[in-house]
Amino acid sequence: MSEESMDQPTQPRHYPVALSSSSVYPLTVVDTFSLARDVGYDGVEVMVTGNSISQDANQLIKLSERYDQPIAAIHAPTLLLTQQVWGSAWNKIEKSAIMAKQVGCTNVVAHPPFRWQGTYATQFAEGVRRIQEEHGVKIAVENMYPWRARGREALMYLPHWNPVTQPYDYVTWDFSHASIADHNSLEAVQDLGERLTHVHLCDGHNNAKDEHLVPGRGTQPVKETLEYLRDSDWDGVVVV
C-alpha cells in the first residue's frame, strides 16, 4: 500500500435502510413506496397482509420500478392478525419465499410458530431450511417475546420466542421485541454473529407493550448495537 493511499480516510460503509409497509399503517403499500422515495429510504420491506397488492408480485414489481425503491424483504403473514392470509402455515412461508424471488430479493422475515400449530411448530427449523434451499432465499426468524398473563408467562411459541438459542440459519432482530423480553440487543447481536441477516430498527420499554418507538426513546442500546454492526463489517439490511 502506498503512503498516499494510507493517508486517505476510509469511507464508512453505507448500509441500506428500508421502510416497512407496517410502519405506515393504516396507509397502503402504495403509500409506503411513495413515502420511501420522498423521504429518501433505500428500499421497502413488504408485510404481506389481507391487502391484495401486498400479495401480488407483479404489482409490487411495478411499484418498485415506479418509485425506484428496491424490495428489501418480504415479511411472511405469520402474525396472529394475518392467520387468514395464504392458508396453512407452511403455505405462508412457501409463498413468501416464491414472491421474494419474483420481486428480486433474498430476504424473508418470519415469526416463530405458535405452540398450537402442530407439526408446523415441531418441524419448523427443518422445514424452513428445506424451503430456503429449494428457493434460494434467506428465511430470517424474528425474535419475539414472552406473553404474560397475571404475572406469569403464557407459553405461546414453540420451540421458543428467542431465536438466538435455536438452530436457525438466519435471524431478524427487532429492538422493540427485545425490550419486552428484557434482552440486551447488543449482547444478542454479538451472540448471533453471521446468523443475523436483518434488523428491525426501533426501540421500546420492558412494559409488555410492543411500542416500536423511535430509536433513542426507549431503553435498548440501539446506537451501540448499530455501531457494533458497522465496525464488524456486517452484511445485512436495516428496516424501519
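User: How many aromatic pairs does the structure hold?

Analyst: First, the ground rules. This is a predicted model: local features need pLDDT of at least 70, side-chain atom pairs count only at pLDDT 80 or more, and totals for chains, interfaces and linings use all residues. Residues are numbered from 1 along each chain as its sequence is written, and side-chain values use heavy atoms, with hydrogens and water left out. Now the rings. Rings of Phe, Tyr and Trp (its six-membered ring) pair if their centres lie within 6.5 Å; planes under 30 degrees apart count as stacked, over 60 as edge-to-face and the rest as tilted. The structure holds 7 aromatic pairs. One of them is edge-to-face because the ring centres of Tyr120 and Phe124 are 5.3 Å apart and the planes stand at 75 degrees.

User: Are Tyr120 and Phe124 buried or exposed?

Analyst: Buried means under 20% relative accessible area, exposed over 50%, partly exposed in between (1.4 Å probe, protein chains only). Both Tyr120 and Phe124 are buried. Phe124 has a relative accessible area of 1%. Phe124 also pairs with Tyr168: centres 5.8 Å apart, planes at 85 degrees, so edge-to-face again. This pair links distant parts of the chain, with Phe124 in helix α6 (residues 124–135) and Tyr168 in the loop between β7 (152–154) and β8 (170–174), 44 residues apart. Helices (H or I, at least four residues) and strands (E, at least two) are DSSP runs, numbered from the N terminus. Tyr168 is buried too, at 5%.

User: Which residues form one aromatic cluster?

Analyst: Trp90, Tyr120, Phe124 and Tyr168.

User: How do I read the strand order, and which strands make the closed barrel?

Analyst: Strands of a sheet pair through backbone hydrogen bonds, either parallel or antiparallel. Here, two strands pair if DSSP finds at least two bridges between them. The closed barrel has 8 strands, in the order β1-β2-β3-β4-β5-β8-β9-β10, with parallel pairing. Its neighbouring strands are turned by 30 degrees against each other on average, direction ignored. That angle uses axes, which are lines fitted to C-alpha atoms, for helices over the stretch in contact; angles run from 0 to 180 degrees between N-to-C directions.

User: What joins β4 to β3 and to β5?

Analyst: Parallel pairing on both sides. Strand β3 (residues 71–75) is joined to β4 by 2 bridges, and β4 to strand β5 (residues 138–142) by 4. Take Val109 in β4. Val109 is the bridge partner of His75 and stands opposite Ala140 in β5. Both faces of β4 (residues 107–110) are covered: Asn107 and Val109 on one side, Val108 and Ala110 on the other, are all buried.

User: Which residues touch the most other members of the largest nonpolar core?

Analyst: In soluble globular proteins, nonpolar side chains tend to be buried together. A nonpolar core is a set of buried Ala, Val, Leu, Ile, Met, Phe, Trp, Tyr and Cys residues joined through side-chain atoms within 4.5 Å. The largest has 53 residues, and Phe33, Leu60 and Ile74 touch the most other members. Its largest share, 6 residues, comes from α4. Another core, of 8 residues, lies apart from it and includes Phe114, Tyr145, Met156 and Ile180.
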